[in-house]
Amino acid sequence: MIKLKPFFVVGTRPEIVKMAPIIHECERRQIDFFLLHTGQHYSDNMSRLFFRDMDLKDPDMNLNIGSGSHSEQTAKALLGIEKELLKEEPDIVLVQGDTNAVLSAALAAIKLHIPVGHVEAGLRSYDVRMPEEHNRRLTDHVSEFLFAPTKKSADILNGEKVWGKVFVTGNTVIDTLEESIQKIIGRKTVADRLKMKEYALLTLHRAENVDDKTTLAGLVHGLLELDTEIIFPAHPRTVTRLTEFDLIKDIEKGDRIHLVEPTGYLDFLALMKSCSFVLTDSGGIQEEVTAPSINKKVFVLRTSTERPEAVESGHATVVGVNPEVFPQMIKQGIENGFSEMKGHPYGIGDASKRIIDILLEHIE
Ligand code: UD1
């Protein structure tokens with residue numbers, strides 16, 4: 001057994017997806033680790049299904065913090081993580097991305113003088129309305145190991161003069177995707193059930209998009225103007241807001257947007273593999289479309305992106321949220337065709353291996 005003992009923290013759906021290949025890499029190399037789930041995501045289809053699709057063992061500890069205000073979630077996780085760190089005495093705490101779980105774990109670890117490794121460091125949207133922007137900035141500045149997915153994110157970190165060591169590794173989301181792609185061969189999707197051959201795939205969940213009535217109404221009405229059938233696996237947060245703002249009836253009347261339950265990872269991958277293009281405000285999906293096995297166009301329903309590499313490679317176009325503008329931009333994009341996509345800016349699927357190599361070299 002190798003001496004290195006990492007302590008992994010996950011809290012939400014994307015963290016499970018992006019941390020899974022690093023956990024698998026530890027298993028392959030017989031590295032003993034501890035896996036803590038804060039329980040920020042707790043519904044079966046937001047958590048358990050992802051553990052199953054990723055072939056992950058159950059967490060060693062689930063704090064079951066659930067939903068709540070940002071401070072409530074962060075504080076509950078902070079206390080729970082500290083307790084486990086004191087028991088486990090790990091060599092390093094590994095966090096991924098920009099959720100409240102990431103900030104809690106980073107704070108708990110540095111107060112106990114345990115080094116923090118931040119996977120997916122150096123992303124910036126420069127949009128201070130986003131809770132994620134604060135979480136990722138604060139975490140980057142207390143981390144000892146910063147695993148930047150691209151040279152651009154490494155340059156941002158060096159420009160901000162972070163005190164930890166910066167490494168360019170690629171993004172682990174590509175590792176997961178390339179590891180999983182074989183598993184979806186022949187998989188029936190909700191598109192098959194709805195007998196849809198051509199469709200766009202839509203996701204929406206960002207607080208700044210769905211919590212504001214005018215913005216969400218503009219998005220729904222603008223999307224209904226597209227001449228495309230749309231499959232929309234909706235996040236529970238979004239369904240709550242669509243109901244609260246009385247927008248469900250507009251979706252039903254429009255008969256173009258097919259609202260379905262959130263899917264597991266493999267079902268979503270199968271939908272992404274077969275769709276004509278993607279519409280999203282998610283960060284991870286902007287990366288996934290650039291994977292060698294996907295290579296799809298994504299229209300980003302936001303005013304900014306912390307994934308400029310996907311824009312430069314031609315995979316992503318940021319179309320904003322103004323209903324007077326974004327439907328036209330999407331129609332124009334479809335008309336021009338999607339031939340300009342090139343390269344794989346987030347790597348080809350070896351980020352996790354590199355991250356573990358770096359840790360073994362520096363910590364043992
Ligand atoms: C969180 C992350 C976001 C990430 C997203 C992925 C923060 C600040 N945000 O946002 O960066 O992109 O996860 O999904 O950490 N809910 C359920 N079941 C669940 C989880 C949530 O029904 O398992 C509902 C609840 O009504 C809850 C709402 O969704 O209040 C929002 O959930 P929350 O975890 O607070 O934030 P996300 O929007 O998921």
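Which of the 19 residues around the ligand come nearest? In this predicted model, they are His 41, Tyr 42, Ser 43, Glu 132 and Arg 237.

Good morning, colleagues. I shall begin with the place where the ligand is held, and then turn to one residue in a helix.

The ligand sits in the largest pocket. Two helices each supply at least two residues of the shell around the ligand: α3, which spans residues 70-88, and α11, which spans 236-244. Sorted by class, that shell comprises eleven polar residues, four nonpolar residues and four charged residues.

His 41, already named among the nearest residues, has a polar side-chain atom 2.7 Å from an oxygen atom of the ligand. For His 235, a polar side-chain atom lies 2.8 Å from a ligand oxygen atom. For His 205, the corresponding distance from a polar side-chain atom to an oxygen atom of the ligand is 2.9 Å.

My second topic is Thr 139. This residue belongs to helix α5, which runs over residues 131-140. Is Thr 139 buried or exposed? Its relative accessibility is 0%, and the limit for a buried residue is under 20%, so Thr 139 counts as buried. A polar atom of the Thr 139 side chain lies 2.7 Å from the backbone oxygen of Asn 135.

Thank you for your attention.

Conventions:
Residues are numbered from 1 along each chain as its sequence is written. This is a predicted model: local features need pLDDT of at least 70, side-chain atom pairs count only at pLDDT 80 or more; totals for chains, interfaces and linings use all residues. Side-chain values use heavy atoms; hydrogens and water are left out. A residue is near a molecule or strand if one of its heavy atoms lies within 4 Å of it. A polar contact is a pair of N or O atoms within 3.5 Å; within protein, one must be able to donate a hydrogen and the other to accept it, and residues adjacent in sequence count only if both atoms are side-chain atoms. On a 1 Å grid over the protein atoms alone, a cavity is a set of points where a 1.4 Å probe fits but cannot get out, and a pocket is an open set with protein on both sides within 12 Å along at least five of seven lines; lining residues have an atom within 4 Å of a point. A molecule sits in a cavity or pocket if more than half of its atoms lie within 2 Å of its grid points. Helices (H or I, at least four residues) and strands (E, at least two) are DSSP runs, numbered from the N terminus. Ala, Val, Leu, Ile, Met, Phe, Trp, Tyr, Cys and Pro count as nonpolar, Asp, Glu, Lys and Arg as charged, and the others, Gly among them, as polar. Buried means under 20% relative accessible area, exposed over 50%, partly exposed in between (1.4 Å probe, protein chains only).
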